[in-house]
Every structure is written in structure tokens, then in C-alpha cells.
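Dear colleague,

Please find below the structure that I am handing over to you.

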Amino acid sequence: MAFDPPVGVEFSLLQVDILGIVEVSDAVFTVIGSLVVLLLITLSAFFSSSEIAMFSLPAHRVEALVEDEVPGAETLKGLKADPHRLLVTILVGNNLVNIAMSSIATGLFAVYLSQGQAVIAATFGITALVLLFGESAPKSYAVENTESWALRISKPLDLSEKILIPLIVLFDYLTRIVNKITGGRSAIETSYVTREEIQDIIETGEREGVLDEEEREMLQRTLRFNNTIAKEVMTPRLDMDAISNDATIEEAIQQCIQSGHARVPIYEGSLDNVIGVAHLRDLVRDRHYSGDRDLNLADVIEPTLHVPESKNVDDLLTEMRDKRLHMVIVIDEFGTTEGLVTMEDLTEKIVGEILEGEEEEPIEFVDDDEVIVKGEVNIEVVNEALELELPEGEEFETIAGFIFNRAGRLVEEGERIAFDSVEIIVEQVENTRIMKARLRRVATADGQADAANEDTPEEATTE
């Protein structure tokens with residue numbers, strides 16, 4: 001005989017079954033949701049570290065990896081070929097992951113908390129997880145292992161781009177439109193490292209002991225090389241040793257020996273008409289070993305190049321190497337000879353002064369705040385030596401030119417000129433030319449420019 005429970009008891013049993021099912025489903029939802037959040041935090045770490053690794057790896061290093069046929073290098077090169085698309089891929093993936101994580105976390109907390117409490121708990125909880133495990137830790141790892149991590153993630157990132165391609169194309173297009181409206185760049189074309197930052201890195205390297213002073217100076221000279229013109233490195237006309245084409249080979253040999261130069265310009269009529277260059281080696285060989293007593297200077301002249309004083313020395317170096325020239329003549333806008341540039345002059349611009357025999361140092365340090373400088377020394381070199389900021393003008397590049405510009409006239413030995421916190425004393429003058437000057441850094445009581453700095457050029461004192 002079947003037993004039918006009362007209606008009230010039947011409802012209670014049904015309620016218990018439903019509650020049990022609900023509790024089981026909540027538990028399953030919590031477990032599944034937690035696993036999904038863990039997966040999403042992993043993806044967040046993947047995209048965050050990808051951004052650092054991909055955009056910290058320089059292009060030249062990628063090319064080297066491709067040449068070495070390192071696995072993943074070709075994929076890596078393809079991704080970095082379009083940096084704007086790559087950045088959009090990473091940002092779209094990272095934002096989708098983080099937003100999905102926040103939404104799922106809010107749903108999980110809503111099972112056990114009120115709606116407001118769930119939102120607050122999800123906001124702070126997911127923020128903490130993303131900062132610790134989705135941003136800070138993975139980005140730190142990517143910084144320490146840029147190259148290896150970029151190679152490892154290149155294929156997964158390429159796959160992500162293919163999966164998210166509809167969203168990437170859409171946001172790539174929208175981003176370019178917004179950039180065009182706001183005046184921003186539509187593509188990432190500029191380097192993450194500027195020349196100024198490289199100079200700061202060099203100075204930091206010296207402070208940290210990674211570079212010594214000579215290495216730092218050479219690197220800085222290398223960076224400045226491309227912004228230098230022929231006028232700044234040339235031997236000026238007054239210091240040129242040249243030979244007339246009317247001279248005999250014997251006279252030319254004697255002048256080369258007396259000047260101490262292996263090569264000298266040969267001119268016809270005047271120094272404004274340089275027709276070539278003679279090498280001491282050729283002069284001696286042809287004079288003593290050719291057997292031709294009728295040989296004259298014109299037979300040993302090598303052609304040379306005439307370049308404007310505004311010629312970039314980087315381009316000049318390339319041209320001299322291509323044409324195998326060791327000396328070129330510098331002319332002004334009127335075709336007048338201004339000076340000459342040798343391969344040694346260009347080399348010294350990078351490695352520093354190359355002294356021969358009893359040649360004096362261009363800058364002699366008296367102490368940390370005082371130097372004696374040759375008049376032909378470039379202002380840029382003086383500024384670097386004393387950490388000054390003496391200005392360069394269009395009319396002058398040397399310390400002698402600066403003194404003449406400040407004085408506004410010819411100067412004599414012993415004259416003093418003040419500029420900011422620097423006192424300049426003319427040490428040696430030959431005829432009208434400033435040969436040496438003494439620069440002294442003067443400290444002022446209030447740290448400001450001395451009243452003498454406001455003197456007009458005519459107020460420079462003479463002692």
C-alpha cells in the first residue's frame with residue numbers, strides 16, 4: 001500500500017532538493033569562475049609582458065636574430081614590421097582580458113555578497129591581482145629577459161592577432177582617425193630612445209663606473225660628429241703650409257721637412273688657387289730614384305677636392321674614403337681658400353687630439369676651475385672641459401672668435417673679459433691673432449652672474 005506524504009511535507013522535501021541543487025550549482029560556478037579568472041590573469045600577464053618585450057627590443061637586434069636563424073625570429077620581425085598594429089593587438093587583448101576578469105569576479109562575489117559589496121570587492125580584488133600578477137611581475141620579468149621572452153611569445157602573439165583580427169582592424173582604423181583629428185601620430189615611427197637620452201645614458205654609465213672618462217668623451221664626440229661642418233675641423237688658412245708650383249722638387253722636400261707635414265698643398269699664383277697635393281714620399285722617390293733630372297713639381301701633384309666650409313664632416317669623410325683622399329681644401333662662398341681638412345682632422349674629431357713631437361696640449365688644466373686654451377680650440381670643447389655654456393655664433397666657433405666677438409675689436413695680451421661666471425684673460429697674442437687664453441670659473445656670492453657680465457664689449461678691461 002503506497003504512502004502519500006501530506007502536502008506540506010511534500011513541499012518541504014522539494015524545497016530541500018532545490019536548495020541542494022542551488023548550493024551545488026553555486027559551488028560549481030565558483031570553481032569554474034575562479035579557474036577562468038586564473039586563466040585570464042595569466043593572459044593579462046602575457047599581454048603586459050609582451051608590450052615591454054616587443055617595444056624594448058631594438059630593430060638591429062631583431063635583424064641579427066633573423067640572420068642567425070634563431071627560432072621565432074622571422075615571426076618576431078613580422079610583428080615589429082607594423083608597430084602600430086602590434087600595439088593595438090596587445091592593447092585589445094589586454095583590455096578584453098582585464099574587463100572580462102572584472103565582470104566574472106563581480107558575478108562570483110554576487111553569489112555571496114550584496115550587489116554593492118560585490119562591485120567593491122571585485123574592483124579592489126581584481127585591481128590587486130592585475131597590479132601584482134598581471135602588470136608588475138610580468139613586466140619586471142620582460143625587462144630582465146627582453147630578447148628571450150620576445151622570441152618565446154612571438155608565435156602566441158601572432159596567433160592572438162589572427163584570432164582578434166576583426167577587433168584589431170576596427171580599433172586600428174578608429175585609432176588612426178582619432179589621431180588625425182587630434183593631430184597625433186597615426187603610427188609608431190619614432191624611436192623609443194632619442195639622442196638626448198643616449199647622451200644621458202652615456203653620462204650615467206660614467207657615474208656608475210660602466211664607462212671611464214675617455215670612453216664617455218669618445219662616445220659623446222661620435223654623437224656630435226654628424227652635426228659638425230668642415231669649418232669647425234679645418235686647419236685655418238693662416239696655419240697652412242703650401243708650396244708654389246714654381247718651386248723645385250728639392251725646395252718642396254725642404255719645406256715638407258721644415259713644416260713637419262707629409263703632405264702639402266700646391267698652389268698656382270696664390271693660395272686661392274690650390275691645384276693639388278704633393279706627398280713627401282713621392283717627392284723623395286722621384287728626386288732620388290727616378291733618374292729623370294728634368295722632373296718638376298707638376299709631375300708629382302695629386303688631385304685634391306675643394307669643399308665648401310659648410311660641408312658636413314660625416315659626408316666629407318665618406319667622400320674622402322671613396323676617392324681615397326687624405327687632404328681636401330676648404331673654400332668659402334666666394335671660392336677663397338679658407339683652410340684644409342685632413343683625414344687626421346676628422347679622426348681627431350672622434351678620438352680626440354693626436355699630438356706629434358713637442359706639440360702642446362690644446363687645453364692645459366691649471367686646476368679644476370682654470371684652464372689655458374689655445375685660441376683655435378672649439379668652444380664646444382672648452383664648454384665640455386669646464387662644464388660651461390659659452391655660446392657659439394654663426395661668425396665664430398673658436399675661443400679666439402668668442403673673445404673677438406665679445407670685445408668687438410682687436411685685443412692685446414692681459415685683457416680681461418667676463419661672461420656669466422667665467423673670466424677670460426688673453427695670455428698670448430701674435431700680431432693680431434689670439435694664440436692662448438686663460439679661462440677661470442669665478443664663483444659669485446649669490447650664485448648669479450657677476451655685475452661685470454652686463455658690461456658691453458667696449459667695457460672689457462685692459463691690464
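The following paragraphs set out what was found, element by element. Please bear in mind that this is a predicted model.

I begin with strand β7, which covers residues 337–342. Five of the six residues of β7 are buried, so the strand is largely enclosed by the rest of the structure. Two other strands pair with β7. Strand β6 (residues 327–331) runs antiparallel to β7 and is joined to it by five bridges; within this pairing, M327 stands opposite T342. The two strands form a hairpin with five residues between them. In the turn of that hairpin, G335 has a positive phi of about 85°. Strand β1 (residues 235–236) is also antiparallel to β7, with two bridges between them. Here T235 has L340 of β7 as its bridge partner.

The side chain of T337 reaches the backbone oxygen of L271 at a distance of 2.7 Å. Beyond its neighbours within four places in sequence, T337 is in contact with R237, M240, L271, D272, V274, I329, V330 and I331.

Strand β9 (residues 370–374) contains V371. With 1% relative accessibility, V371 counts as buried. V371 and A437 are 66 residues apart along the chain, and their C-alpha atoms are separated by 8.4 Å. A437 is also among the residues in contact with V371 once neighbours within four places in sequence are set aside.

I turn next to the aromatic residues. How many aromatic pairs does a search of the whole structure find? The search finds three, and two of them are described here. In one, the ring centres of F46 and F47 are 5.1 Å apart and the planes meet at 65°; since edge-to-face requires an angle over 60°, the pair is edge-to-face. Both of these residues are buried. In another, the rings of F402 and F419 have centres 5.5 Å apart and planes at 90°, so this pair is edge-to-face as well. F402 belongs to helix α16 (residues 399–407) and F419 to strand β10 (residues 416–419), so the pair ties together parts that are 17 residues apart in sequence. F402 is buried at 1% relative accessibility, and F419 is buried with a relative accessible area of 14%.

Finally, there is helix α11, which spans residues 249–259. Its buried residues include I249, A252, I253 and C256. These four cover an arc of only 100° around the axis, which means that they are on the same side of α11. An α-helix has 3.6 residues a turn, so residues three or four places apart point the same way. Just after α11, G260 takes a positive phi of about 80°.

With kind regards

Definitions and conventions. Residues numbered from 1 in each chain as written. Predicted model: local features only at pLDDT ≥ 70, side-chain atom pairs only at ≥ 80, totals over all residues. Heavy atoms only, no water. Polar contact = N/O pair within 3.5 Å; in protein donor to acceptor, adjacent residues only side chain to side chain. Contact = heavy atoms within 4.5 Å. Phe/Tyr/Trp six-rings, centres within 6.5 Å; stacked < 30°, edge-to-face > 60°. Buried < 20%, exposed > 50% of the residue type's maximum accessible area, 1.4 Å probe, protein only. Arc of directions from axis to C-beta. Pairing = 2+ DSSP bridges.
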